[in-house]
Amino acid sequence: NACRERGVSHEILVWDHCEISSGIQENAREARYELLTNWCLDNKIDYLLTAHHLNDQLEQILISLSQGAGIYSFCIKELTDYNNVKIFRPLLEIKKTDIENYVAQNKIPFWQDDSNFSDKYLRNRIREYTNGLLEEMNVQRFLTSCENLQRASNSISNISNNFLKNYAEFSNLGYCKLSKEKFLKQEEEIKLLVLRNILGNIGKRNSEIRLESLKILLQNIKTNKISTLCGCYIEIYKDHIIFIRELGRDKNFIYDIEKNLWDGRFEIKFPKNYNIKTLQSKDLDIEGLKLDFDDFLSTKLRKKIILTLPGICILEKLV
């Protein structure tokens, strides 16, 4: 109504979901970005602007400190990518009180979600302690500290990305092969970020991976112990570390009808005017998919990889 009264064109995006018993805010955050970026893609929009402000930045730093996070998680970045859409946050240097004063002076209505007042969420509890803190500190110095943290984070990310380009191979069958020797020679922070990036890519998770979990995984790799984390199965060979999609995860989201995407990885093309009852495996065109495995992979692991690929059941047998 407020937008309509001011002649502002708008869309209301609805999140349809089943009951969520845990991780409500995390799931809602991912759903918001999915809804918004998919709408942008459908409407050929490259940039999505969000209203994160300076108070959000302070809260993020304190949350990261309280959770023992890595340096790459400390600051909210001004520009990031999500689902092939660039997320831009133009208000990160503006205090929340300045925004509230602006909307009050210009008589612009705004709405507070009830969840913002619940003390069961860590962010809300931290917000309660930080109210007014920015009014007492030197904002410019705080911004300088954020810039320093971000610069250090960017440097580590660049080193990690270059390492991945040179020593990690992502197969179109959905697994990753990482050079074990080169990986173990890296500094600890680089190792952790490399693991985080590979897990996010293979497991297709947008949510943050806890640093403590990454440290445990790194120790398991050093001792050649098979592990699972973040929807991934990790197996250690003599010269390589192999990451594959963990079987049985996210069954409810395996096939996206609107995008014709299987497991967020494979594009599937159906013949025109097909009938699902008469559909045969030869009718499916799976882009660029050939069972071309690395020679050293065990038969057992190959079977695990195959079972994470697109398939249909014919007479109770998986094709």
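# A tour of the predicted model

Select Cys 230 to begin: this residue sits in the loop between strand S6 (227–229) and S7. The model is predicted. Check the backbone of Cys 230 there: phi is near 55°, a positive value in a residue other than glycine. Most residues other than glycine have a negative phi. Is Cys 230 buried or exposed? Its relative accessibility is 14%, so Cys 230 counts as buried.

Next, select Asn 83. It lies in another loop, the one between strand S2 (79–82) and strand S3 (85–88). Asn 83 is not a glycine, yet its phi is positive, about 55°. With a relative accessible area of 24%, Asn 83 is partly exposed.

**The largest core**

Now select Leu 178, Phe 183, Leu 199 and Phe 243. Among the 29 residues of the largest nonpolar core, these touch the most other members. Then colour the elements that give two or more residues to this core: helices H7 (139–167), H9 (188–203) and H10 (211–222), with strands S5 (176–179), S7 (232–236) and S8 (240–245). Which element gives the most? Helix H9 does, with eight residues.

Centre on Phe 243 and show its contacts. Leaving aside neighbours within four places in sequence, Phe 243 is in contact with residues including Leu 195, Ile 198, Leu 199 and Ile 202. Gly 174, Tyr 175, Cys 176 and Leu 178 are also among its contacts. Tyr 233 and Ile 234 are on the list too.

**Helix H5**

Move to helix H5, residues 122–130. Select its buried residues: Asn 124, Ile 126, Arg 127 and Thr 130. They cover an arc of only 165° around the axis, so they are on the same side of H5. What do they pack against? The partners are helix H3 (54–67) and helix H6 (133–136).

Turn to the face of H5 away from its buried side. Glu 128 and Tyr 129 are the exposed residues there. Step just past the end of H5 to Gly 132, where phi is positive, about 85°.

**A surface patch**

Finish on the surface. Select Tyr 47, Leu 49 and Leu 79, which make a nonpolar patch of about 320 Å². Zoom in on Leu 49, in strand S1 (residues 47–49). How is Leu 49 placed, buried or exposed? Its relative accessible area is 54%, and the cut-off for exposed is over 50%, so Leu 49 is exposed.

Technical notes: Residues are numbered from 1 along each chain as its sequence is written. This is a predicted model: local features need pLDDT of at least 70, side-chain atom pairs count only at pLDDT 80 or more; totals for chains, interfaces and linings use all residues. Side-chain values use heavy atoms; hydrogens and water are left out. Patches are made of residues with over 30% relative accessible area and no salt bridge: like charges are joined within 9 Å, nonpolar side chains (Val, Leu, Ile, Met, Phe, Trp, Tyr) within 5 Å. Accessible areas come from the Shrake-Rupley method with a 1.4 Å probe; for residues, only the protein chains shown count as cover. A salt bridge is a side-chain nitrogen of Lys or Arg within 4 Å of a carboxyl oxygen of Asp or Glu. Helices (H or I, at least four residues) and strands (E, at least two) are DSSP runs, numbered from the N terminus. Buried means under 20% relative accessible area, exposed over 50%, partly exposed in between (1.4 Å probe, protein chains only). A nonpolar core is a set of buried Ala, Val, Leu, Ile, Met, Phe, Trp, Tyr and Cys residues joined through side-chain atoms within 4.5 Å. Contact means heavy atoms within 4.5 Å. The arc is that of the directions from the helix axis to the C-beta atoms.
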